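Subject: Structure for your review

Dear colleague,

Please find below the structure that I am handing over to you.

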Amino acid sequence: MSPYQIHLSKYPPSSPEKHHRLFQSSWFVQFASWLEYSPSKDAAYCLPCYLFTMKASRRFGWDTFTITGFTSWKKINDGTNCAFLNHVGQDPCSCHNNALKSSEDLLKRSQHIDKNEIYRVLSHHCLDIQNIRGQGYDGASNIWVLNGKLQGEGPVVSNDCTVAKNG
Ligand SMILES: [Zn+2]
């Protein structure tokens with residue numbers, strides 16, 4: 001589980017202003033653990049806050065990085081007023097840092113599952129799906145053959161009966 005970080009050579013302008021600023025892909029490096037960017041909305045989001053911020057600890061402005069999306073690019077790297085740094089907060093127990101810890105814990109727990117085991121299970125399922133498809137296809141062609149027999153050569157059941165009688 002990692003933030004969705006799309007790297008574009010150029011990000012769309014968020015406003016028609018003359019001196020608008022664009023989203024910078026270098027911010028993904030700077031805020032690699034949480035920053036997400038939506039090209040369709042031209043907005044930034046915080047993955048761990050979205051996933052793990054408890055209702056009780058949702059302070060004012062919480063939805064900026066989770067629901068509405070952050071778009072005030074000029075507030076980024078603006079000295080000490082960097083909105084991203086403000087979002088993270090200096091307190092190790094800030095809403096964001098708590099959410100980040102929760103997401104890291106989840107990641108650690110999921111790493112305990114052997115990757116080979118996951119691949120084995122996945123490939124097993126893929127094979128199953130192929131088998132099911134094969135059976136489905138064969139089943140369909142069998143039905144087609146059966147219908148052809150029924151239409152062209154009379155009832156299959158009576159043929160079987162004939163064979164049974166002869167045998
Ligand atoms: Zn956050």
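The zinc ion is held by four residues: C46 and C49 through their SG atoms, H87 through NE2 and H96 through ND1, at 2.0 to 2.2 Å. Please note that this is a predicted model, and the values in this message are computed from it. The angles among the 4 donor atoms run from 105 to 119°, and the site is tetrahedral. For reference, the ideal angle for four tetrahedral donors is 109.5 degrees. Along the chain, the donors of the zinc ion are spaced as C-x2-C-x37-H-x8-H. Within this set, C49 and H96 link distant parts of the chain: C49 belongs to helix α2 (residues 47–52) and H96 to helix α4 (residues 95–111), 47 residues apart.

The next topic is the largest pocket. Its space amounts to about 180 Å³. The lining consists of 13 residues, and those nearest the centre of the pocket are R59, G61, T64, F65 and H87. Helices α3 (83–88) and α4 are the elements that give two or more residues to the lining, and α3 gives the most, with 3 residues. Sorted by class, the lining holds 7 nonpolar, 5 polar and 1 charged residues.

A further residue in helix α4 is N98. Apart from neighbours within four places in sequence, N98 is in contact with P92 and C93. The C-alpha atom of N98 is separated by 9.8 Å from that of V88, and the two residues are 10 residues apart along the chain.

Finally, some remarks on the protein as a whole. The protein has 6 helices and 2 strands, and from the N terminus on the order of its elements is α-β-β-α-α-α-α-α. Of the 167 residues, 26% are buried. Among contacts with a separation of 6 or more, 52% are between residues 24 or more positions apart.

With kind regards

Notes:
Residues numbered from 1 in each chain as written. Predicted model: local features only at pLDDT ≥ 70, side-chain atom pairs only at ≥ 80, totals over all residues. Heavy atoms only, no water. Donors = N, O, S within 2.8 Å, 3.2 Å for Na, K, Ca; no water. Tetrahedral: all angles 85-135°; square planar, octahedral: opposite > 155°, others 65-115°. Helix = DSSP H or I, 4+ residues; strand = E, 2+ residues; numbered from the N terminus. 1 Å grid on protein atoms, 1.4 Å probe; cavity = no way out; pocket = protein on both sides within 12 Å on 5 of 7 lines; lining within 4 Å. Points joined across faces, edges and corners; volume = space filled by probe spheres on them. Nonpolar A, V, L, I, M, F, W, Y, C, P; charged D, E, K, R; others polar. Buried < 20%, exposed > 50% of the residue type's maximum accessible area, 1.4 Å probe, protein only. Contact = heavy atoms within 4.5 Å.
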